[in-house]
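Student: I have a structure to go through and some questions about its contacts. Can we take it piece by piece?

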Amino acid sequence: MIARATPALRVRDVSPAELLAWDEMVRRFANHRVVHTLAWVRSLEASGFGRAHFLVLEKSGEIVGCLPGLLSSVGPFRLFGSPPPASQSASMGPAFDESRLSTPELMEVLVPYLDRTLGVHHMEIMSPDLDPGTMLGLGFRGEPWPTYRVPLFPGNERGTLKGLKDSARRNVTRGIKQGLEVRFESDESFVDEHFEQIKEVYVRGGHAVNFGRQRVLQCFRAMRDAGNLLAVSVYLPNRVNIATGMFTIEGRELLLWTWAHRLKYRWHRPTELMTWTVMQRALANGCDTFDLMGLGDFKSKFGAELDNRKYRWIRSRYRWLSGMRDLAAKGLHWQQVLRGRAARWGATHRLDPITTLQEPSQMSSKLRLL
């Protein structure tokens, strides 16, 4: 029996003409998400996470995968993140045709290209679509990043609502009876209010906010201009803003990015009505899944199911470099905790809360905003 030669796979930088049609390319692949789009990657670049870099995977002259990421430097070391750590990205990694490209094939060409052609010393790739056995065999270390997902049923709003727990449905009804008004926002003034509410959430949990207003602003602008954004506020009848959230829609997926509410108005339970209103908009747009961006007991109210597929895969050219990365991440994490506790103490004593723009690798599962 004669073995058939498989078509050669190669990786290369995207051409200028292809970059103009980047979103059209990534949308060919069923596993693409909003984080693969040009707008999202450019928002990370504008937020200071590095220089955007776009790769394509080609087999028999046809593009079978795309990989966006960001390149940055720390001293003499070059880093590649898809996405970078603490960039508040749900995932990234390659978007590819799984019927024509396997994880072993993909990584066999990708790792040498990053190492030798781009001169990368440390790489991090977060994805739910890469085979764990292959990644471990190639020397990657996997950090699990589970999330909650809610199944949505386009054309069946009542069936989707029944998936919410009784307490969530009651709070939706209660909010409507109280006269709460949910508004979809497009003006950038939303960003200031939303970021203030986020800081309040972090202080309540004893953490300092792990990203800056600039990150929220760049995400808001990029997603709004690309048509992916659902920014939403909840108002009392007296026009006081008591809750805000940022969500995106891409393809058939609704994604929670950030949500928050004012502590003094928590008894109104505005988050349930806000989220259900966004889910209704997503259903109307044909979405069939809702990623709640991490864990947290509260999220289970929306009929969420645990999704354990996603890992952050980490590989350094030198083992000690991974150790330094982990040490730095732990140091930043404890810095956030200490500053957050100081902020909470200050708020309790009617002082201005302290915030920081440092970014740890992870927060507690209840507060984590990837």
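Tutor: One term to begin with: a polar contact is a pair of N or O atoms within 3.5 Å; within protein, one must be able to donate a hydrogen and the other to accept it, and residues adjacent in sequence count only if both atoms are side-chain atoms. This is a predicted model, where local features need pLDDT of at least 70, side-chain atom pairs count only at pLDDT 80 or more, and totals for chains, interfaces and linings use all residues. Residues are numbered from 1 along each chain as its sequence is written, and side-chain values use heavy atoms, with hydrogens and water left out.

Student: OK. Which side chain makes a polar contact with the side chain of threonine 244?

Tutor: That of histidine 194, at 2.7 Å. Threonine 244 sits in strand β11; helices (H or I, at least four residues) and strands (E, at least two) are DSSP runs, numbered from the N terminus.

Student: Is threonine 244 buried or exposed?

Tutor: Buried, at 0% relative accessibility. Buried means under 20% relative accessible area, exposed over 50%, and partly exposed in between (1.4 Å probe, protein chains only).

Student: What else does threonine 244 touch?

Tutor: Counting heavy atoms within 4.5 Å as contact, and leaving out residues up to four places away in sequence, its neighbours include Phe190, Val232, Ser233, Trp259 and Met274.

Student: Which strands does β10 pair with?

Tutor: Two strands pair if DSSP finds at least two bridges between them. β9 (residues 181–185) is joined to β10 by five bridges, and β11 by seven; each pairing is antiparallel. Alanine 231 is the bridge partner of glutamate 185 and stands opposite methionine 246 in β11.

Student: What happens in the hairpin of β10 and β11?

Tutor: Five residues lie between the strands, and arginine 239 takes a positive phi near 75 degrees.

Student: Switching to charges. How many salt bridges are there?

Tutor: The count is 28, taking a salt bridge as a side-chain nitrogen of Lys or Arg within 4 Å of a carboxyl oxygen of Asp or Glu. One of them joins arginine 27 and glutamate 250, 2.8 Å from N to O. Arginine 27 lies in the loop between α2 (22–26) and α3 (38–46) and glutamate 250 in β11 (residues 241–250), so the pair ties together parts 223 residues apart in sequence.

Student: What about arginine 312 and glutamate 124?

Tutor: Their side chains meet in a salt bridge at 3.1 Å, N to O. Arginine 312 is in β15 (residues 311–316) and glutamate 124 in β6 (residues 122–127), 188 residues apart. Both are buried.

Student: Which residues are linked in a network of salt bridges?

Tutor: Arg33, Arg149, Glu253, Asp291, Asp307 and Arg309.
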